[in-house]
Structures are given as C-alpha cells and as structure tokens.
Amino acid sequence: MYRNSILFINVLAFLFGLSLMIKNQGVLFISRIGQGICAGLFSSTIPIIINEFSPQELFSIMGTMHQMSIAFGIFFSFLFAFIVDLIFVDPLTYWFIIFGFTLPIILIQSIILFKVFPFETPAYLISKGRD
C-alpha cells in the first residue's frame, strides 16, 4: 500500500473520530481512543517516509527533529489543557474543547499531505519499477 494512502486513511480516521465527539462522555472517550491509535500510526509511518526522502547524512537529524516535534506537541497539549481548564468550569465543555482542538491540526496535516507532498517516496517508486 502507498505510504501517502496510509496517511490519507489516517486523516479520515481522525475526522471520523471528530464526528463522534458529541456531548456524551462515553462516546467522547471512545473517539479519543481511536484518535490515539491514529496518532500512533502517524508516529510510526512518518519515520519511514523520512528515511526514504532524506539523504543519509541528514537522516539522524531529521529523525531527531521528528521526535522533538512529538515531545513539543505533548508539551503544547498539556499547556493548552491547563489554559482551557482555567477558562472553563464545566468538565464536559473542557473535554469537548480539548479533544476538538485536533481539527485544525488535521487540516494542516491534510494540506501538507496533498499540496506539499502529493507524491510517493523515491524508494517506493524504485521498488515498483517506476522512475
């Protein structure tokens, strides 16, 4: 399967998880579990793509930057949750806003996936006999 297809299916799964976010706490947590699985798929697919695109001398730096961006994302999500907790008192509204914040992230990832990198990796094309 194409690497971009895996990422596209992952974006669709994220959007499906967002569609389940109604004001029901059980469904909200089930959709968040699905989004966590999608985040794990992104975290494991992106290093493969970095390995196929980057030159050998830059692979370790780009892999480190990927891991640093994950750590920064976790820090940012905790900081955002802290700020939202100070603003909103209702716990269900708090969780709804925190989990719904993934929509702008998904939109940014989709734009990058389809506009900036709409092609397959060189290693994949060579393995299929195409240039």
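Throughout this passage, a residue is called buried when its relative accessible area is under 20%, exposed when that area is over 50%, and partly exposed in between (1.4 Å probe, protein chains only). By this definition T45, at 8% relative accessibility, counts as buried. The structure is a predicted model, in which local features need pLDDT of at least 70 and side-chain atom pairs count only at pLDDT 80 or more, while totals for chains, interfaces and linings use all residues. Residues are numbered from 1 along each chain as its sequence is written, and side-chain values use heavy atoms, with hydrogens and water left out.

The overall fold comes first. The protein chain holds 6 helices and 0 strands, where helices (H or I, at least four residues) and strands (E, at least two) are DSSP runs numbered from the N terminus. Read from that end, the order of elements is α-α-α-α-α-α. The chain has 131 residues, and 24% of them count as buried. With contact taken as heavy atoms within 4.5 Å, 67% of the contacts between residues at least 6 apart in sequence join residues at least 24 apart.

The C-alpha atoms of Q25 and W95 are 8.7 Å apart, although 70 residues separate the two along the chain.

In helix α3, attention falls on H66. This histidine is buried, with a relative accessible area of 12%. Once neighbours within four places in sequence are set aside, H66 is in contact with S43, I46, P47 and I50.

Rings of Phe, Tyr and Trp (its six-membered ring) are paired if their centres lie within 6.5 Å, and planes under 30 degrees apart count as stacked, over 60 as edge-to-face and the rest as tilted. The count by this rule is 1 aromatic pair. The ring centres of F76 and F80 are 6.3 Å apart and their planes stand at 20 degrees, so the pair is stacked. Both residues belong to helix α3 (residues 59-87), where they sit 4 residues apart, about one turn of the helix. F76 counts as partly exposed at 36% relative accessibility, and F80 likewise at 22%.

The buried nonpolar residues can be described as cores. A nonpolar core is a set of buried Ala, Val, Leu, Ile, Met, Phe, Trp, Tyr and Cys residues joined through side-chain atoms within 4.5 Å. The largest one has 8 residues, namely L7, V11, F14, C38, F42, I49, I106 and L113. Helices α1, α2 and α5 each supply at least two residues of this core. Another core, of 6 residues, lies apart from it and includes L28, A81, V84 and Y94.

Finally, there is the largest pocket. On a 1 Å grid over the protein atoms alone, a pocket is an open set of points with protein on both sides within 12 Å along at least five of seven lines, and lining residues have an atom within 4 Å of a point. The largest pocket is lined by 38 residues, of which F42, S69, I70, I105 and Q109 lie nearest its centre. Two or more lining residues come from each of α1 (3-19), α2 (25-53), α3, α4 (91-100) and α5 (102-116). The largest share, 12 residues, is given by α3. By class, the lining has 27 nonpolar, 10 polar and 1 charged residues, with Ala, Val, Leu, Ile, Met, Phe, Trp, Tyr, Cys and Pro counted as nonpolar, Asp, Glu, Lys and Arg as charged, and the others, Gly among them, as polar.

Conventions:
On a 1 Å grid over the protein atoms alone, a cavity is a set of points where a 1.4 Å probe fits but cannot get out, and a pocket is an open set with protein on both sides within 12 Å along at least five of seven lines; lining residues have an atom within 4 Å of a point.
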